[in-house]
Amino acid sequence: MSSAPVVVHRPSISGGRRVSVHRSGRDDILGTAYSDHDLVVFLETAGISEPDDVLDDPRWVEWRDAPAHEWSAA
């Protein structure tokens, strides 16, 4: 299990990746991202300042079951 507060889950068959954030002792689903831009918008909404700077920081974001920045299923 990761200690990163943001998890970008595996790509779905229909495309996109679910994004969740761990805060206040629980996991909240932010939505489904279809691009880095979508992810940045979710992170801004969650209150993360400078979200572009944390996308590749494993202390902040865990990319699960697919490479980072890959948005469609193989």
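Reader: Which residues does leucine 39 touch, leaving out those up to four places away in sequence?
Author: In this predicted model, leucine 39 touches Val8, Val19, Ala33, Leu55, Trp63 and Trp71.

Reader: And which residues of the largest nonpolar core touch the most other members?
Author: Leu39 is one of them, together with Val6 and Leu43. That core has 15 residues. The elements giving it two or more residues are S1, S2, H1 and S4, and H1 gives the most, with 4 residues.

Reader: Why would residues like that end up in one place?
Author: As a general rule, nonpolar side chains tend to be buried together in soluble globular proteins.

Reader: OK, let's look at H1. Which of its residues are buried?
Author: H1 covers residues 36–45, and its buried residues are Leu39, Val40, Phe42 and Leu43. They span an arc of only 160° around the axis, so they sit on the same side of H1.

Reader: What do those buried residues of H1 pack against?
Author: They pack against four strands: S1 (6–11), S2 (17–23), S3 (26–33) and S4 (61–63).

Reader: Which exposed residues are on the face turned away from the buried side of H1?
Author: That face carries His37 and Thr45, both exposed.

Reader: What happens just after H1?
Author: Glycine 47 comes there, and this glycine takes a positive phi of about 95°.

Reader: Switching to the strands. In what order do they sit in the sheet?
Author: The order is S3-S2-S1-S4, in an open sheet of 4 strands with mixed pairing. S3 and S4 stand at the edges with a single partner strand each, so one side of each has no neighbour in the sheet. From one strand to the next, the twist averages 20°.

Reader: How does H1 lie on that sheet, and what angle does it make with S3?
Author: H1 packs on the sheet and touches S1, S2, S3 and S4. The direction of H1 makes about 145° with that of S3.

Reader: Mixed pairing, you said. Do S1 and S2 run parallel or antiparallel?
Author: S1 and S2 run antiparallel, and 4 bridges join them. Valine 7 has serine 20 as its bridge partner in S2, while valine 6 has valine 21 there.

Reader: How about S1 and S4, parallel or antiparallel?
Author: S1 and S4 pair in the parallel sense, over 3 bridges. On that side, valine 6 has valine 61 of S4 as its bridge partner.

Reader: Is S1 enclosed or open to the outside, and why?
Author: S1 is largely enclosed by the rest of the structure, because 5 of its 6 residues are buried.

Reader: How many residues lie between the strands in the hairpin of S1 and S2?
Author: There are 5 residues between them, and in this hairpin glycine 15 takes a positive phi near 105°.

Reader: Back to the tryptophans that leucine 39 touches. Are Trp63 and Trp71 buried or exposed?
Author: Tryptophan 63 counts as buried, at 16% relative accessibility. Tryptophan 71 counts as buried too, at 13%. The cut-off for buried is under 20%.

Reader: How many aromatic pairs does the structure hold?
Author: The structure holds 1 aromatic pair. The partners are tryptophan 63 and tryptophan 71, with ring centres 5.6 Å apart.

Reader: Why is that pair called edge-to-face?
Author: The ring planes of tryptophan 63 and tryptophan 71 stand at 70°, so the pair is edge-to-face. The cut-off for that label is over 60 degrees.

Conventions: Residues numbered from 1 in each chain as written. Predicted model: local features only at pLDDT ≥ 70, side-chain atom pairs only at ≥ 80, totals over all residues. Heavy atoms only, no water. Buried < 20%, exposed > 50% of the residue type's maximum accessible area, 1.4 Å probe, protein only. Arc of directions from axis to C-beta. Contact = heavy atoms within 4.5 Å. Pairing = 2+ DSSP bridges. Core = buried A, V, L, I, M, F, W, Y, C linked by side-chain atoms within 4.5 Å. Axes fitted to C-alpha atoms, helices over the stretch in contact; angles between N-to-C directions. Phe/Tyr/Trp six-rings, centres within 6.5 Å; stacked < 30°, edge-to-face > 60°.
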